[in-house]
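Me: I'd like to walk through this model feature by feature. Could you show me how to read each one?

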Amino acid sequence: MGKIRVMLVEDHSMVRQGLKQLIELENDIKVVAEAADGNQAADYYMLEKPDVVLMDINMPKKNGLQALELIKQLDPNAKIIMLTIHSDREYLFQSLQLGASGYVLKDADGYVLIDAIRKVYEGETYIQPTMTKELVMEYQKQTQKGRTSARKDTVLSDREIEVLRLVANGLLNKEIAQVLYISEKTVKNHISNIFKKLNVSDRTQAAIYALKHNLI
(Lines give C-alpha, C1' and ligand atoms only; values in the text may rest on other atoms or scores of the structure.)
Protein backbone atom coordinates (compact mmCIF):
# COMPACT_ATOMS: atom_id res chain seq x y z
CA MET A 1 0.00 0.00 0.00
CA GLY A 2 1.40 3.40 -1.02
CA LYS A 3 1.78 6.39 1.23
CA ILE A 4 -0.90 9.06 1.62
CA ARG A 5 0.21 11.93 -0.63
CA VAL A 6 -0.33 15.33 1.01
CA MET A 7 -0.08 18.87 -0.33
CA LEU A 8 0.56 21.75 2.11
CA VAL A 9 -0.95 25.17 1.37
CA GLU A 10 0.42 27.74 3.84
CA ASP A 11 1.99 31.15 3.19
CA HIS A 12 4.46 30.99 6.09
CA SER A 13 7.54 28.98 5.15
CA MET A 14 8.48 28.07 8.73
CA VAL A 15 4.98 26.75 9.41
CA ARG A 16 5.09 24.67 6.23
CA GLN A 17 8.42 23.17 7.23
CA GLY A 18 7.14 22.37 10.70
CA LEU A 19 4.06 20.68 9.27
CA LYS A 20 6.16 18.73 6.80
CA GLN A 21 8.48 17.46 9.53
CA LEU A 22 5.51 16.45 11.70
CA ILE A 23 3.74 14.65 8.86
CA GLU A 24 6.79 12.82 7.57
CA LEU A 25 7.46 11.29 10.98
CA GLU A 26 4.63 8.95 9.99
CA ASN A 27 5.54 5.97 7.84
CA ASP A 28 2.33 6.08 5.81
CA ILE A 29 2.21 9.79 4.87
CA LYS A 30 4.44 12.00 2.71
CA VAL A 31 4.35 15.60 1.49
CA VAL A 32 4.41 15.79 -2.31
CA ALA A 33 3.81 19.51 -2.88
CA GLU A 34 3.88 22.86 -1.09
CA ALA A 35 2.07 26.06 -2.06
CA ALA A 36 2.37 29.54 -0.56
CA ASP A 37 -0.93 31.04 -1.74
CA GLY A 38 -4.33 30.14 -3.13
CA ASN A 39 -3.33 30.58 -6.77
CA GLN A 40 -0.41 28.18 -6.42
CA ALA A 41 -2.69 25.75 -4.58
CA ALA A 42 -4.95 25.21 -7.58
CA ASP A 43 -2.03 24.94 -10.04
CA TYR A 44 -0.04 22.51 -7.89
CA TYR A 45 -3.12 20.44 -7.13
CA MET A 46 -3.75 19.80 -10.82
CA LEU A 47 -0.07 18.91 -11.33
CA GLU A 48 0.32 16.55 -8.39
CA LYS A 49 -3.26 15.35 -7.69
CA PRO A 50 -2.47 14.73 -3.98
CA ASP A 51 -4.67 12.45 -1.90
CA VAL A 52 -5.23 15.11 0.78
CA VAL A 53 -4.70 18.89 0.88
CA LEU A 54 -3.97 20.81 4.09
CA MET A 55 -5.17 24.36 3.48
CA ASP A 56 -4.68 27.51 5.52
CA ILE A 57 -7.48 30.12 5.33
CA ASN A 58 -5.53 33.39 5.66
CA MET A 59 -3.33 33.65 2.56
CA PRO A 60 -2.44 36.26 -0.08
CA LYS A 61 -3.79 36.46 -3.66
CA LYS A 62 -6.51 33.87 -3.04
CA ASN A 63 -7.44 32.94 0.51
CA GLY A 64 -8.02 29.36 1.56
CA LEU A 65 -11.79 29.45 1.11
CA GLN A 66 -11.44 30.80 -2.43
CA ALA A 67 -8.80 28.18 -3.22
CA LEU A 68 -10.99 25.46 -1.70
CA GLU A 69 -13.89 26.50 -3.93
CA LEU A 70 -11.69 26.61 -7.04
CA ILE A 71 -10.10 23.20 -6.42
CA LYS A 72 -13.50 21.61 -5.79
CA GLN A 73 -14.69 23.05 -9.11
CA LEU A 74 -11.67 21.53 -10.84
CA ASP A 75 -12.01 18.22 -8.99
CA PRO A 76 -15.22 17.58 -7.02
CA ASN A 77 -13.54 14.57 -5.40
CA ALA A 78 -10.68 16.60 -3.90
CA LYS A 79 -10.16 15.94 -0.19
CA ILE A 80 -9.25 19.17 1.58
CA ILE A 81 -8.67 19.80 5.28
CA MET A 82 -8.79 23.41 6.43
CA LEU A 83 -5.96 23.99 8.91
CA THR A 84 -6.53 27.35 10.54
CA ILE A 85 -6.41 29.62 13.57
CA HIS A 86 -10.11 30.41 13.12
CA SER A 87 -12.36 28.79 15.72
CA ASP A 88 -15.36 30.86 14.56
CA ARG A 89 -18.28 28.66 13.64
CA GLU A 90 -18.99 30.75 10.52
CA TYR A 91 -15.63 29.77 8.98
CA LEU A 92 -16.23 26.13 9.85
CA PHE A 93 -19.72 26.10 8.36
CA GLN A 94 -18.62 27.95 5.22
CA SER A 95 -15.73 25.55 4.72
CA LEU A 96 -18.07 22.57 4.84
CA GLN A 97 -20.55 24.24 2.52
CA LEU A 98 -17.75 24.76 -0.01
CA GLY A 99 -16.81 21.09 0.17
CA ALA A 100 -14.06 20.77 2.76
CA SER A 101 -13.57 17.28 4.13
CA GLY A 102 -12.02 18.40 7.40
CA TYR A 103 -11.42 21.30 9.76
CA VAL A 104 -8.55 21.38 12.26
CA LEU A 105 -7.22 24.24 14.38
CA LYS A 106 -3.52 25.08 14.26
CA ASP A 107 -3.19 24.79 18.03
CA ALA A 108 -4.37 21.17 17.96
CA ASP A 109 -2.04 18.40 19.07
CA GLY A 110 -0.06 16.75 16.29
CA TYR A 111 -1.91 13.45 16.62
CA VAL A 112 -5.20 15.26 15.83
CA LEU A 113 -3.84 16.43 12.48
CA ILE A 114 -2.44 13.00 11.62
CA ASP A 115 -5.76 11.38 12.55
CA ALA A 116 -7.57 13.91 10.36
CA ILE A 117 -5.35 13.15 7.37
CA ARG A 118 -5.89 9.41 7.66
CA LYS A 119 -9.65 9.64 8.15
CA VAL A 120 -10.20 12.11 5.33
CA TYR A 121 -8.06 9.91 3.07
CA GLU A 122 -10.38 7.02 3.94
CA GLY A 123 -13.40 9.06 2.88
CA GLU A 124 -14.62 10.36 6.22
CA THR A 125 -15.38 13.94 7.23
CA TYR A 126 -13.16 15.04 10.10
CA ILE A 127 -14.06 17.95 12.35
CA GLN A 128 -11.82 18.54 15.34
CA PRO A 129 -13.95 17.30 18.27
CA THR A 130 -13.77 20.65 20.06
CA MET A 131 -15.37 22.28 16.99
CA THR A 132 -18.33 19.91 16.63
CA LYS A 133 -20.45 21.93 19.02
CA GLU A 134 -19.74 25.08 17.01
CA LEU A 135 -20.89 23.29 13.86
CA VAL A 136 -24.13 22.22 15.52
CA MET A 137 -24.79 25.75 16.82
CA GLU A 138 -24.22 27.31 13.40
CA TYR A 139 -26.43 24.70 11.72
CA GLN A 140 -29.19 25.47 14.20
CA LYS A 141 -28.77 29.18 13.50
CA GLN A 142 -28.96 28.64 9.75
CA THR A 143 -32.01 26.39 9.91
CA GLN A 144 -33.92 27.94 12.79
CA LYS A 145 -36.79 29.12 10.61
CA GLY A 146 -39.28 26.55 9.45
CA ARG A 147 -38.20 23.76 11.76
CA THR A 148 -40.84 21.23 12.66
CA SER A 149 -41.40 19.56 15.97
CA ALA A 150 -39.04 16.76 16.97
CA ARG A 151 -39.64 13.42 15.35
CA LYS A 152 -40.76 10.53 17.48
CA ASP A 153 -40.32 7.78 14.90
CA THR A 154 -36.54 7.53 15.11
CA VAL A 155 -34.98 4.10 15.05
CA LEU A 156 -32.57 5.15 17.79
CA SER A 157 -33.10 4.09 21.36
CA ASP A 158 -33.37 6.69 24.14
CA ARG A 159 -29.82 5.86 25.24
CA GLU A 160 -28.49 6.21 21.69
CA ILE A 161 -30.13 9.63 21.41
CA GLU A 162 -28.43 10.61 24.67
CA VAL A 163 -25.08 9.53 23.24
CA LEU A 164 -25.76 11.31 19.96
CA ARG A 165 -26.54 14.57 21.77
CA LEU A 166 -23.21 14.38 23.57
CA VAL A 167 -21.38 13.57 20.33
CA ALA A 168 -23.01 16.63 18.73
CA ASN A 169 -21.73 18.73 21.61
CA GLY A 170 -18.16 17.70 20.88
CA LEU A 171 -17.57 15.22 23.71
CA LEU A 172 -15.07 12.42 23.21
CA ASN A 173 -15.91 8.79 24.02
CA LYS A 174 -14.15 8.94 27.39
CA GLU A 175 -16.09 12.08 28.35
CA ILE A 176 -19.41 10.58 27.24
CA ALA A 177 -18.68 7.52 29.37
CA GLN A 178 -18.10 9.74 32.40
CA VAL A 179 -21.29 11.75 31.85
CA LEU A 180 -23.50 8.67 31.39
CA TYR A 181 -21.71 6.50 33.96
CA ILE A 182 -21.04 3.73 31.45
CA SER A 183 -17.84 2.18 30.11
CA GLU A 184 -15.96 3.62 27.16
CA LYS A 185 -16.46 0.29 25.36
CA THR A 186 -20.23 0.66 25.77
CA VAL A 187 -20.02 4.17 24.33
CA LYS A 188 -18.14 2.81 21.30
CA ASN A 189 -20.82 0.16 20.83
CA HIS A 190 -23.58 2.77 20.99
CA ILE A 191 -21.81 4.99 18.47
CA SER A 192 -21.26 2.06 16.12
CA ASN A 193 -24.98 1.23 16.32
CA ILE A 194 -25.90 4.87 15.72
CA PHE A 195 -23.73 4.98 12.59
CA LYS A 196 -25.35 1.82 11.25
CA LYS A 197 -28.91 2.95 11.99
CA LEU A 198 -28.42 6.41 10.51
CA ASN A 199 -26.31 5.08 7.61
CA VAL A 200 -23.45 7.50 8.28
CA SER A 201 -19.72 6.92 8.59
CA ASP A 202 -18.49 9.48 11.12
CA ARG A 203 -19.44 11.67 14.08
CA THR A 204 -19.98 14.84 12.08
CA GLN A 205 -22.33 13.16 9.64
CA ALA A 206 -24.26 11.69 12.57
CA ALA A 207 -24.64 15.11 14.22
CA ILE A 208 -25.80 16.72 10.96
CA TYR A 209 -28.26 13.90 10.29
CA ALA A 210 -29.68 14.27 13.77
CA LEU A 211 -30.11 18.01 13.30
CA LYS A 212 -31.75 17.66 9.91
CA HIS A 213 -34.23 15.16 11.33
CA ASN A 214 -34.76 17.00 14.64
CA LEU A 215 -33.49 14.12 16.73
CA ILE A 216 -31.54 16.39 19.07
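Predicted model: local features only at pLDDT ≥ 70, side-chain atom pairs only at ≥ 80, totals over all residues.

Me: How many helices and strands does the protein chain have?

Reply: The secondary structure comes to 10 helices and 6 strands.

Me: And what percentage of the residues counts as buried?

Reply: Of the 216 residues in the protein chain, 44% count as buried. Taking contacts with a separation of 6 or more, 64% are between residues 24 or more positions apart.

Me: Let's go inside. What is the general idea behind a nonpolar core?

Reply: In soluble globular proteins, nonpolar side chains tend to be buried together. Here the largest nonpolar core has 24 residues, and the members that touch the most others are V9, A41, M55, I71, I80, M82 and Y103.

Me: Which elements each supply at least two residues of this core?

Reply: On the strand side there are β1 (4-9), β2 (29-35), β3 (52-55), β4 (80-84) and β5 (102-105), and on the helix side α2 (38-48) and α3 (64-74). The largest share comes from α3, with 4 residues. Apart from this core lies another one of 19 residues, including V6, I23, I81 and A116.

Me: What about a charged residue? Is R16 buried or exposed?

Reply: Buried means under 20% relative accessible area. R16 has 12%, so R16 is buried. You'll find R16 in helix α1 (residues 13-23). Not counting residues up to four places away in sequence, R16 touches L8, E10, D11, E34, A35 and A36.

Me: Where is A35, then?

Reply: A35 is found in strand β2, and at 0% relative accessibility A35 counts as buried. R16 and A35 are 19 residues apart in sequence, with a C-alpha to C-alpha distance of 8.9 Å. A35 and D11 make another such pair, 24 residues apart in sequence and 7.3 Å apart C-alpha to C-alpha. Beyond four places in sequence, the contacts of A35 are L8, V9, E10, R16, Q40, A41 and Y44.

Me: On to helix packing. How do I read α7 against α9?

Reply: Look at the axes, both how near they come and the angle between them. For α7 (residues 158-168) and α9 (residues 184-198), the axes come within 10 Å and cross at roughly 95°. Since 65 to 115 degrees counts as roughly perpendicular, α7 and α9 are therefore roughly perpendicular to each other. In α7, R159, E160, V163, L164 and V167 meet H190, I191, N193, I194, K197 and L198 in α9. The residues of that contact divide into 6 nonpolar, 2 polar and 3 charged.

Me: At what angle do α8 and α9 cross?

Reply: The axes of α8 (residues 173-180) and α9 cross at roughly 105° and come within 8 Å. That makes α8 roughly perpendicular to α9. The contact is made by N173, K174, I176 and A177 of α8 with E184, V187, K188 and I191 of α9. By type, its residues divide into 4 nonpolar, 1 polar and 3 charged.

Me: Last one: backbone angles. Which residues deserve a look?

Reply: Check for positive phi in residues other than glycine. K49 has a phi near 45° and is such a residue. K49 lies in the loop between α2 and β3, and is partly exposed at 42% relative accessible area. N199 also has a positive phi, about 60°, although it is not a glycine. The loop between α9 and α10 (203-212) holds N199, which is exposed with a relative accessible area of 71%.

Notes
Residues numbered from 1 in each chain as written. Heavy atoms only, no water. Core = buried A, V, L, I, M, F, W, Y, C linked by side-chain atoms within 4.5 Å. Buried < 20%, exposed > 50% of the residue type's maximum accessible area, 1.4 Å probe, protein only. Axes fitted to C-alpha atoms, helices over the stretch in contact; angles between N-to-C directions. Parallel < 35°, antiparallel > 145°, perpendicular 65-115°, else oblique. Contact = heavy atoms within 4.5 Å. Nonpolar A, V, L, I, M, F, W, Y, C, P; charged D, E, K, R; others polar.
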